[in-house]
Structures are given as C-alpha cells and as structure tokens.
Amino acid sequence: MGKHVVCRVDEIDIKMGKLVHVEGRDIAVFNLGDRFAAVSNKCPHEGADLCAGKVFGFPEADGPGCYRVSDRLMVRCPWHGWEFDLETGRSYVDPNRVRVKPFDVSVSDGAGLAEGPYQVETFEVETDGKYVIVEV
Amino acid sequence: MTDTTELVREPQSKPEQKLGLVDCDIHPALSTPGELGPFLPLRWREHVREFGMRSPNPLMGALPYARIGHGMRRDSYPPEGGPPASSLAFMQEQILDPLNIEYGLLHALNAGPSVMNLELGAAVCAAMNDWQIDKWCSKDARLKGGISVPQEDAEASVKEIERWTGDDRFVQLAIVPKSLEPLGRKRYWPIWEAAEAHSLPVGMHSAAYGTHANTGAGWASFYFEEHYSFAHTAQTALISMIFEGVFERFPKLKLVLVEGGFAWLAPLMWRMDREWELRKGEVPMCKRKPSDYVRSNVWLTTQPMEEPTKVKNIAHVLKWLGPDKLMFSTDYPHWDFDHPDRVFKVGLSPEEKQGILRDNAISVYGLN
C-alpha cells in the first residue's frame, strides 16, 4: 500500500479519463469536476479500456416522466456499454459479480508532496502545481 | 477450466506469446462518402449527384434504429479524424498488431447489393471492390477482401466475380442475407455456380440494409429486435439453400454465416432432419439429411458471442456443433466487438481454441 502521484490535475479534462500505471496495475483515473475517481482500467467483461469510456451521472426515476440525474457518477465501457459506479466499482447490471476495483484518490499541492510519504515514479513534482494521488 | 461466472478482474498477468489468429469480420470504412467517387464511372457519379442512391430502407442516410454509441466502439475513432476503421494506420495499431492478426477478412458493408437501381448497384459494388484493394488489401497483405456483388442481378454478379479471377487478395463473396427472394431460389444459382467454380466461400454478413424489412412481420420497433433478427434472417437463407438443393447442385460451395449467432444452429438441424425424414418427398432435390449439408458446407463466425448466464452452457453448444464449424471474428470497429483473449469464458482444449481462432478459417478460406 502506498500513495502514488499519478499526474497533474490539469492533465485530465472534466468528465474524461486517463490511463496510469501504478505498481504493475493499469488504473483509469477520471476527473469528475469537483473530485477525481480511479478504478482498475480493464473492463471485466471483455477487457476494454475503461479510461476511454464515457462518464455520466446516474439517472434515477420514481415513475414515468419523473426523473433526475444524481450525483452518483458512472463510467460506461467503450465497447459493450457495461456501466460501473465510480465510487464502488460495482456494475449497474450485476453489481455483486461484475465489478472493477476502486482506488482512493485525493488531490494534493506540490509543496506538500516533497516530504512524502508519496511515491513519485515518473516525473518531477513542481511545488506550485496540484497533483492527483492514487492509493494502491 | 472454471465454470463460475465470477468476472472480477485479477491483477494483470504477463501476456503470453500470442497465437496468430484470423479475424473473420472487420468493417473498413470510407473516410468520407466522397471517397468512393474516384472509383465510380462519371456516368454514375452524375447519377448519384442528381438522384441519390435509393434503397428500400426507410430513413435514407440513417440507420432505422439508434444504436449504442452510434454502433461504434467509443475508442475506435482514429486520432487523425474520420469515422472508426477509416484509417489503416489506426486499424493496425488498434487490432491488427496487438491481437496478432494473421489475416483479417474485410466485410465492406455498402448499399450496392440492395439499391433499387440495379445498374447503379453493380457500379457501387464494383467501386467498393476497387476501393478495398486500393485502400486496404494492397497496403496490408493481412487484409483480405470480400467481393461485393449486385446479388439481385445474377448476370452482373457473375461478371463482377470474373473481373477478379485469380486475384487472391479477395478470398470470398460478400452476400447480403435480406435478399429479394430466399437465397436458395434459382435466380441466385449463377452466383453460387461462380462462387464454387472460383473456390470463393460465400460470406453472408448480417446487415441492416437489404431489400426487405427485418422481420417477416415488417419493421420491428427497437434496435435490439433488429439485432436478434440477424439470427432468423440467416436461418431463412440457410434453410432455403438446403431445401432448394443448392448444396446438392454445388457440393463444393462453402457458406459462412457472419454475425448471425450460432447457438441456434443445433436445434435447427434437429428440426430440419426430423421434418425431412417425415416428408422428404416434397423436396427431392434435398437428397441428404439437412444436417449433412451443414456439416459439409456451412460455417459460422463467433461474434457476437453467445453469453448464457451459466457460461458452461456454451460447452454444450460447441459439442453439438462440432469443433470445426466456428471461426473467430471481432466485428471491429462495431460496439459489440469481441476480444479473442476474453471472449471464451468456457474451457476449450488448445486444439479447439486454435481451430476457432485460426485453423478453421485457414482451411475454409484456403489461406497460406
């Protein structure tokens, strides 16, 4: 277990994903606007890259014509459309059996990163930047 | 292997040395509609400009149903722009190289076989064939074409087939199953005769387009009804060809049903055999048991893979069909793409797997 700096916050546009590699794992990191989320990148169905999927708000309906889009954000697989909750990693269709691994994500100032316990593997951290941290 | 349906991803393992495979269904695309223009004679370019290309399908210029992701893998749009599978470089990067595809069989879907103006249809098919060679097969020897023919005009179809005699960049005919009449009828026999004579298997790819509605009761309401209609449309063609005696008359003809499913084939064989036993006098041109013709003349591609809730049920289906009937296909770049490493969720012997992924197609198409 460790905290890994994976990219600058401005490297991922809002509602977009980015593939990062941490400790031999492929992880899809998403910018949700007010926060970030990360799940294992390969779709468990047929192995597509979830980082290329579409991020969307989960629609809920109480009845015909009465619906709202919730804060719960999902990613839709770019191939067959399997949808995964970005907080829990569980699929909408088969939440108990078909799921991806979620990872804790946080954002940190570059200045605070110099002291650790962060592991910076691939690039220099500038003290005035903001960075995405994934816990693996 | 495992018979559980647990699909939680294990940590990544090192990819093994991959076996070369044959992908029996890749859809190359025009970068722009105008890209076909240079391959059409001036007379038909002018015709298309003034009158368009009328087909019997509703909603000209659009598919009748909204499809998931416009029908495309969301990650298949080439970085340089243009529609999915319109860039050879990106197709190589995305599937031909990483999946170690030894041969990729093209199905260049187009309106040629079903436009209402038959002569225009013949010109469009010919143009699509020239385009397949120019843009794809001549640039990457792994890609093999399918000769598109204006199938409602058998004479013109034979002419188009003969235009490519001896060109091994084409390995099959591309036939649309929603034909004007059931495909066993005699109006199509000159095409089957030419296919047999030139050793070209008939690749019958399911298609939204055709000369009829997608069900026997007319147009279905939803895309998923259309998706399943591919299966009964393929069955209609197969049943017709068997009982009209096509395989009796052309015993070396090979029929490949592409993207129509396969789990239905065994029950269909049981039923055809039983009914044939009861009253074969009605169809004297069908001399052998219907399932015999399936065994000797018919193959199917795997995509979209049948996915029963209990994955082990697929093992029964494979047993009923026999190990040599199925050939792997991805359907790239369409949304229901199948990945060779992930599509078989039931245990296959190494021989079965190699047969489905590669050897069956090598043998059926005479590749290598």
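Buried area is the accessible area, computed with a 1.4 Å probe, that two parts lose on being put together, summed over both. In the present predicted model, local features require pLDDT of at least 70 and side-chain atom pairs count only at pLDDT 80 or more, whereas totals for chains, interfaces and linings use all residues. Residues are numbered from 1 along each chain as its sequence is written, chains are lettered from A in the order in which they are written, and side-chain values use heavy atoms, with hydrogens and water left out.

Chain A and chain B bury about 1900 Å² between them, of which 48% lies on carbon and sulfur atoms. Of the area that chain A buries against chain B, 37% is supplied by Glu46(A), Trp79(A) and Arg97(A), more than by any other three residues. The contact (heavy atoms within 4.5 Å) takes 17 residues from chain A and 20 residues from chain B. Between the two chains, 10 residue pairs are in polar contact, both residues being at pLDDT 80 or more. A polar contact is a pair of N or O atoms within 3.5 Å; within protein, one must be able to donate a hydrogen and the other to accept it, and residues adjacent in sequence count only if both atoms are side-chain atoms. The count of salt bridges between chain A and chain B is 0, a salt bridge being a side-chain nitrogen of Lys or Arg within 4 Å of a carboxyl oxygen of Asp or Glu.

Within chain A, Glu83(A) is placed in strand 7 (residues 83-85); strands (E, at least two residues) and helices (H or I, at least four) are DSSP runs numbered from the N terminus. The side chains of Glu83(A) and Arg76(A) are joined by a polar contact of 3.0 Å. Not counting residues up to four places away in sequence, Glu83(A) also touches residues including Phe56(A), Met74(A) and Tyr92(A).

In chain B, helix 3 spans residues 118-137 and contains Ala127(B). The N-terminal end of this helix is capped by Asn117(B), a side-chain oxygen of which lies 3.1 Å from the backbone nitrogen of Glu119(B). Buried denotes under 20% relative accessible area, exposed over 50% and partly exposed in between (1.4 Å probe, protein chains only). Ala127(B) is itself buried, with a relative accessible area of 0%. Leaving aside neighbours within four places in sequence, Ala127(B) is in contact with Leu36(B), Phe39(B) and Leu40(B). Ala127(B) and Phe39(B) are 88 residues apart in sequence, yet their C-alpha atoms are 4.8 Å apart in space.
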